[in-house]
Amino acid sequence: MGAAVPPQTVVRGLPGWLTPLLQSTALVLVLLGLVFASLPLYLCLPLALLVIWLPRLKSHTPVVAPSSGADAIGELTRDLSRTTSHNALSAAGVAYSVKQLAARLQSQLSAAKQIVSSAEVMIGTEKSLPNSAAKPWPQPVRPINAAPKAVKCWPSRSRRCINSASALMPAVS
């Protein structure tokens, strides 16, 4: 069986026609007191203004107590809205984190590819190194101690000479 819903509570106020009726009656009494009782004008005028403006000073919004069924539905709606918003924000945060992680993984993958290519070059160099060790080193064209054939010397303080290969050599004294 379903839960019983309590009846809606209604706060009763005065009917709309009762306030003007009471106001008119009070104003007529003030005017009758002015004419027949010979009340002074300085007393009757403030009383008449008070009768006219007093009902306007009170609030006219009718007070209706909200029903518990409508309140429960509204509360449920607000709770679901908050939960949905929280879940959407959490999902957006997770998506952002996944994108950041993918970018980092891509960077690590490119670094790993570069390391692999460098390792392949090193392996190729290592494999070719035993073959080159077996070959003799090429001999120089001329001996190191041999003097160049054409040396030009100019008189100067440093006494340097230039050979035909245009290399600077100190002059021999």
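This is a predicted model: local features need pLDDT of at least 70, side-chain atom pairs count only at pLDDT 80 or more; totals for chains, interfaces and linings use all residues.

Q: Which pattern does the chain follow along the sequence?
A: Helices (H or I, at least four residues) and strands (E, at least two) are DSSP runs, numbered from the N terminus. Here there are three helices and three strands, in the order α-α-α-β-β-β.

Q: How is the packing of two helices described?
A: The description uses the angle between the two axes and the distance between them. Axes are lines fitted to C-alpha atoms, for helices over the stretch in contact, and angles run from 0 to 180 degrees between N-to-C directions. Helix 1 (residues 18-36) packs against helix 2 (residues 41-57) at about 175 degrees, with the axes 10 Å apart. The two are therefore roughly antiparallel (an angle over 145 degrees).

Q: Which residues of helix 1 and helix 2 meet?
A: Contact means heavy atoms within 4.5 Å. From helix 1, the residues include Thr19, Gln23, Ala26 and Leu27; among their partners in helix 2 are Leu41, Cys44, Leu47 and Ala48. By class, this contact has 12 nonpolar, two polar and no charged residues (Ala, Val, Leu, Ile, Met, Phe, Trp, Tyr, Cys and Pro are nonpolar, Asp, Glu, Lys and Arg charged, and the others, Gly among them, polar).

Q: Where in helix 2 does a kink lie?
A: The bend at a residue is the angle between axes fitted to the seven residues ending there and the seven starting there. In helix 2 a kink of about 30 degrees lies at valine 51, shortly before proline 55.

Q: Which residues of helix 2 are buried?
A: Buried means under 20% relative accessible area, exposed over 50%, partly exposed in between (1.4 Å probe, protein chains only). Cys44, Ala48, Val51 and Pro55 are the buried residues of helix 2, and their cover includes helix 1. Leucine 50, also placed in helix 2, counts as partly exposed because its relative accessibility is 48%. Across the chain, buried residues make up 5% of the 173 residues.

Q: What is the phi of serine 38, and is serine 38 buried or exposed?
A: Serine 38 has a phi near 55 degrees, a positive value in a residue other than glycine. Serine 38 sits in the loop between helix 1 and helix 2 and, at 59% relative accessibility, counts as exposed.

How values were computed: Residues are numbered from 1 along each chain as its sequence is written. Side-chain values use heavy atoms; hydrogens and water are left out. Angles under 35 degrees count as roughly parallel, over 145 as roughly antiparallel, 65 to 115 as roughly perpendicular and the rest as oblique.
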